[in-house]
Amino acid sequence: MTIQVLRLLIAPFALMLMATLVLFSSLSHLSAQLQLLIAALPYLLGAANLLLGFLFNQSRLLLAALNLLWAYALIQLCLQTPLERPDNYVLFSLLSLLLPVNQLLICLAPERGPLNRGVWLHLLLPLLAYLTLWLLWHKQMLGYWLGHLPMPLLELLAEGHYLSEGATWLFSATFLLGGAVLALRRTRADAALFVSLLTMPALFFWFDLNHISPLLFTCIQLLLCQALVSHSHQLAFIDELTGLPARRALQEQLSSPGQRYTLAMMDIDHFKQFNDHHGHDAGDQVLRMVASQLKRVGGGGRVFRYGGEEFTVLFRGKTEAQALPYLEQLRESIARYPLHLRQPDRTENAKAGRQQRQPGKRGAGAGKALSVTISIGLCERGPTHLHSDEVMQLADKALYAAKAAGRNRTLASSQLGRRKRRSSQADFA
Ligand SMILES: Nc1nc2c(ncn2[C@@H]2O[C@H](COP(=O)(O)OP(=O)(O)OP(=O)(O)O)[C@@H](O)[C@H]2O)c(=O)[nH]1
């Protein structure tokens, strides 16, 4: 789990570091016009994130972008004069609480899609809070509250910096909760929201630095944008059920497969019967089991879910004969795998699940283990079939010949002619 979370955090942290270095180091050399553009960047990126969040059904990233937009607009409108002014200081203090609290609430919320009623609540309440702050600041009614602010908001963490002790405690709590949500859900959106929570205190701590707010808001909006783009990539290229790269990823690989390669098409035997007899959910379990076995392929093979119950393995730089042993290993490991169908009362907990499956325990799978087999057809790129479409068609032909020959076997395209002549059952099974 830790590795998975760390992997999710690599891209956001790297992006944050790069954006911060580039923006901070080059800002002093930029012309006044470019500096104006930088001040507009958080708005532009925020608007792009709203659109992407809506298009890709990512309500939490959309709401986070909106929260940042409101906060940035408030800073640009109201906090461009010294914080020593009572109205400004009270607004600043309240903003240092409102921004992380909103971000945390978004982080804790489930993903419900942008058209859900709960999302509108998350959308309207922060807007109302930011508007009230702006109105009170505009009417110069906030300064009065300076004498009434609780001590933790008046005491600063460090001399010369504006982060109050109260806000520091709040940020610490948001890190912990955001980290816990990330550890539980392990999604890209949660990784981006967590890193955004980690970055926010810097804004308040170095608030008096020139251009700090456009720079940090640009970095955080970029972070959300990266999460949205990688989510859309995942949608397009990764099959949700099995976690394998999908057909689109295969097509991309086949656009430059190299001079020599072998392509294997594989198909689960009698899968329709299995689905009809055990149900669609059981069929999905079979697909996941087959995918998990195929992921172990050796010889540098790359596995894809081609569609339905068909999978593809691509071996770059290998001939049919070289790829064959690895495919046979896969076929045999799947045929040997004892499949215990997940019962409706089976626990989601992996350890408890293992205990439940032990012989003699209640719900030890579906009683006796089922077995599933696959048939494989393979073809290497050759002088008469140079194009990947032709290689795939020949691999498909070999697959259907393997099915016709009795299933649970592997047949190479180069054997097809010979098989017809000998009409034998020899195959590789
Ligand atoms: N559970 C489940 N079933 C799927 C999925 N995609 C396709 N199928 C089913 O896969 C079955 C494919 O059946 P067929 O193409 O007739 O092939 P088959 O029964 O495997 O027979 P042979 O290939 O000749 O061994 C159909 O019943 C589809 O509904 C999926 O994602 N989940």
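Helices here are DSSP runs of H or I with at least four residues, strands are E runs of at least two, and both are numbered from the N terminus. This is a predicted model, in which local features need pLDDT of at least 70, side-chain atom pairs count only at pLDDT 80 or more, and totals for chains, interfaces and linings use all residues. Residues are numbered from 1 along each chain as its sequence is written, and side-chain values use heavy atoms, with hydrogens and water left out.

**View 1. Whole chain.** The chain has 16 helices and 5 strands. Of its 429 residues, 47% are buried (under 20% relative accessible area, 1.4 Å probe, protein chains only).

**View 2. Two annotated spans.** An unreviewed UniProt entry places "transmembrane region" features at residues including 34–54 and 89–107; such annotations may be inferred rather than shown by experiment. Residues 34–54 are 100% helix and 0% strand, with end C-alpha atoms 30 Å apart. Residues 89–107 are likewise 100% helix and 0% strand, and their end C-alpha atoms lie 27 Å apart.

**View 3. Largest pocket.** The largest pocket holds about 660 Å³ of space. A pocket is an open set of points on a 1 Å grid over the protein atoms alone where a 1.4 Å probe fits, with protein on both sides within 12 Å along at least five of seven lines; lining residues have an atom within 4 Å of a point. The volume is the space filled by probe spheres set on the points, which are joined across faces, edges and corners. Of the 20 lining residues, T187, R188, H231, Q234 and E240 are the closest to the centre. Helix α9 (212–237) is among the elements that give two or more residues to this lining, and α9 gives the most, with 4 residues.

How values were computed: Buried < 20%, exposed > 50% of the residue type's maximum accessible area, 1.4 Å probe, protein only.
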